[in-house]
Amino acid sequence: MADQNVPPRRPRDEQGYGAARGPQWVGPEGLGRQAFHQPAGSGLPILDDDGDDDRSRVGRRRALVALGGTAAVVAGGAALAMSPRARGLFDDAAGDATGVTATDGTPARPSGQQPSTVRTYTEQNESYMGSRAGAALKRNSPSGGRTFSGPADAAARTPVTVETVLAKDPVRHLASRATFGATPKVLADIRRMGIDAWVRQQLDPEKIAPSAAELKLAELPTLALTSKQLRDQREQLAARGAQPEKEMVDGTLARQIWSQRQLYEVMVDFWNDFLHVAADFDGGEAYRNSFDRDVIREHAMGSYPDMLVAANRHPALLLYLNQNDSRADAVNENLARENLELYSVGVDGGYTEKDVRQAALLQTGRGVDDGRYVFRHDRHYRGKVRILGFSHPNDSTDPKKADQVVDAYLTYLALHPSTARSVARALATRFVSDTPPKSLVDRLARIYTVNRGSVKPLLMSLFSSSEFWAAVGQKVRRPMEYLVATYRTLGVGPQAGPGFRQGDSGRTAFAQGLRQIHDKLRELGHHPMGQPTPDGYPDVYVAWTSAGTMVNGWNEAAELIAGNRTPFTYTRPEKLVAKPPATAGAYVDALAQRLVHQKLSTRERNLILGVAGVSATARVDATFDGAIAAVARAILASPQHHLR
């Protein structure tokens with residue numbers, strides 16, 4: 001993307017564009033070699049419990065660090081530290097497509113774009129995987145594969161041969177990948193219903209009843225407002241402190257934690273990275289909520305061509321990428337370029353700089369007026385266009401027909417073979433491996449093409465593949481996924497706890513609690529729709545290996561175990577296991593089964609026993625002799641909880 005073709009810098013940059021994404025500390029360097037490298041003047045997040053003596057604190061820190069270091073090893077590959085950074089942005093400048101010299105690009109930039117601070121979704125992932133850590137991960141990724149008659153058949157007939165600390169349990173694997181975190185209920189549902197029936201149910205989210213928390217979303221009043229209402233009520237909403245773009249993120253987090261439509265929410269998150277529009281942009285407070293509801297959520301389980309067409313008619317995308325400023329005599333290339341580079345065929349999809357200019361000309365006239373999509377025929381370029389094999393005379397004097405030509409082009413783009421491959425690769429990266437097998441990507445691309453971009457056949461094919469079931473332990477949770485999974489596995493409830501005090505904010509306990517989660521995720525550098533630039537968050541582990549972020553996540557887990565987020569309800573840590581065993585070793589085994597849904601290795605169990613300062617055979621009470629919170633936090637720092 002040329003430097004001018006990114007969203008312009010706005011006064012709100014201090015809070016949105018250009019904001020640093022999480023602590024910038026060097027991350028884990030492999031099992032047994034964890035080290036924190038601290039920048040001058042910054043404080044390391046607290047690892048210790050108040051009131052412990054020095055020896056106890058050192059022991060607990062070492063145990064947590066050792067467990068966290070294990071999480072840095074995915075199937076034996078030591079991960080290097082590469083913490084993510086928000087990209088810098090540039091001043092607003094319209095590009096004139098008719099006045100730019102054409103170029104067919106170079107091997108480094110196939111479509112001829114100038115290097116910029118923004119990378120495509122695929123480029124981001126591949127750039128990180130080119131590191132030494134990425135090479136180590138590639139060596140342990142399953143290769144080859146086939147499709148079976150259905151998910152259950154594939155699960156039963158696929159051996160797991162890769163190195164992993166995770167249990168080779170297909171039910172746990174499915175629950176970890178197709179949801180935001182396994183819970184005892186999800187695991188029980190899959191075992192009771194069977195893998196095939198559970199997958200089919202998740203593929204029809206509209207038939208799944210809303211959860212109690214989803215019904216409580218009425219306590220976020222701006223979620224139900226249209227863009228027009230948000231614009232008309234802007235002053236009243238501001239007066240009472242309502243922030244629609246933040247409430248939308250709050251509501252998304254509530255659904256990720258508590259919705260029973262888990263696969264649907266995973267796909268909403270996937271598309272929010274793939275067809276990315278940041279929540280924090282100038283106009284997001286009025287339009288991003290509608291984009292989430294009417295574009296992403298409407299089509300998340302439907303058709304990507306329909307999603308791309310709908311997105312290009314939505315005020316949020318048109319304003320975010322300056323399409324409203326583009327007219328035949330002053331063409332802005334932002335949206336045309338991102339439609340090619342990010343949202344469809346990808347930078348290596350075969351287009352040239354001439355294609356970008358032709359697409360930008362074709363899309364002139366599309367914009368926003370009084371908060372609604374409009375096609376201004378007087379601003380539209382008329383004349384023959386040819387873009388990546390799509391050609392049209394584009395000479396109609398009928399505004400409706402001229403507008404339909406743009407839809408036809410976008411549909412063509414969404415069904416292009418390069419788009420099929422781009423979507424397939426992104427899906428395989430999300431659900432299977434940071435280095436997805438070529439066999440699976442090729443197969444999913446064919447399914448995409450045959451089914452004209454329909455999502456459900458893609459997912460069914462993916463879950464029926466041997467590559468999916470062979471990839472146990474090949475994905476690591478990103479910061480948001482780690483925290484959401486922690487809420488889920490601890491059984492945090494959406495009702496207010498007994499210690500909650502309303503205060504004078506006027507917002508309900510539920511609304512306040514969700515904002516606390518939202519704010520914590522901003523600290524961690526990963527929250528829904530949070531990437532300021534249009535490329536979406538990277539989806540590979542080595543992009544997120546910041547020790548500061550990891551420790552911050554552990555500390556938040558400690559807050560939840562202690563029940564310190566009082567807007568919600570909690571299970572006391574000594575009640576997590578219904579009938580706690582009398583000996584420490586057996587208790588750790590039972591608590592691990594409850595929290596991470598499998599036993600730990602002998603080494604990991606011994607590290608956790610070291611946190612409590614007891615032997616495996618020592619007798620303990622339900623509170624683990626006062627150490628139950630520290631033991632539970634240590635289990636949630638284990639690789640079994642970091643991996644998905």
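Colleague: pLDDT is the predictor's confidence in each residue, from 0 to 100. Over which residues does it stay under 50?

Modeller: This is a predicted model, and local features here need pLDDT of at least 70, side-chain atom pairs 80 or more, while totals for chains, interfaces and linings use all residues. Residues are numbered from 1 along each chain as its sequence is written, and side-chain values use heavy atoms, without hydrogens and water. Residues 1-52 stay under 50, and residues 70-121 are also below 50.

Colleague: How many contacts does the model have for each stretch?

Modeller: Counting contacts as heavy atoms within 4.5 Å, residues 1-52 have 153 beyond four places in sequence.

Colleague: Switching to cavities. How many are there of 30 Å³ or more?

Modeller: Seven. A cavity is a set of points on a 1 Å grid where a 1.4 Å probe fits but cannot get out, and its volume is the space filled by probe spheres set on the points. The largest cavity holds about 160 Å³.

Colleague: What lines the largest cavity?

Modeller: Its lining has 13 residues (an atom within 4 Å of a point). Nearest the centre are Arg477, Pro479, Thr549, Met550 and His642. Helices H23 (479-489) and H25 (547-561) each give two or more residues, and H25 has the largest share with three. Helices are DSSP runs of at least four residues (H or I), strands of at least two (E), numbered from the N terminus.

Colleague: What about residue classes in that lining?

Modeller: Seven are nonpolar, four polar and two charged. Nonpolar covers Ala, Val, Leu, Ile, Met, Phe, Trp, Tyr, Cys and Pro, charged covers Asp, Glu, Lys and Arg, and the others count as polar, Gly among them.

Colleague: How do the classes divide in the second largest cavity?

Modeller: Two residues are nonpolar, three polar and six charged. The lining includes Arg177, Asp269, Arg430, Arg477, Glu481 and Arg644. H5 (170-178) and H12 (262-274) are the elements that give two or more residues to this lining, and the volume is about 90 Å³.

Colleague: New topic, H17. How many of its residues are buried?

Modeller: Nine of the ten in 353-362 (buried means under 20% relative accessible area, with a 1.4 Å probe and protein chains only). Among them are Glu353, Asp355 and Arg357.

Colleague: Which elements do the buried residues pack against?

Modeller: Helix H16 (334-341), strands S5 (385-387) and S6 (390-392), and helix H18 (399-414).

Key
On a 1 Å grid over the protein atoms alone, a cavity is a set of points where a 1.4 Å probe fits but cannot get out, and a pocket is an open set with protein on both sides within 12 Å along at least five of seven lines; lining residues have an atom within 4 Å of a point. Buried means under 20% relative accessible area, exposed over 50%, partly exposed in between (1.4 Å probe, protein chains only).
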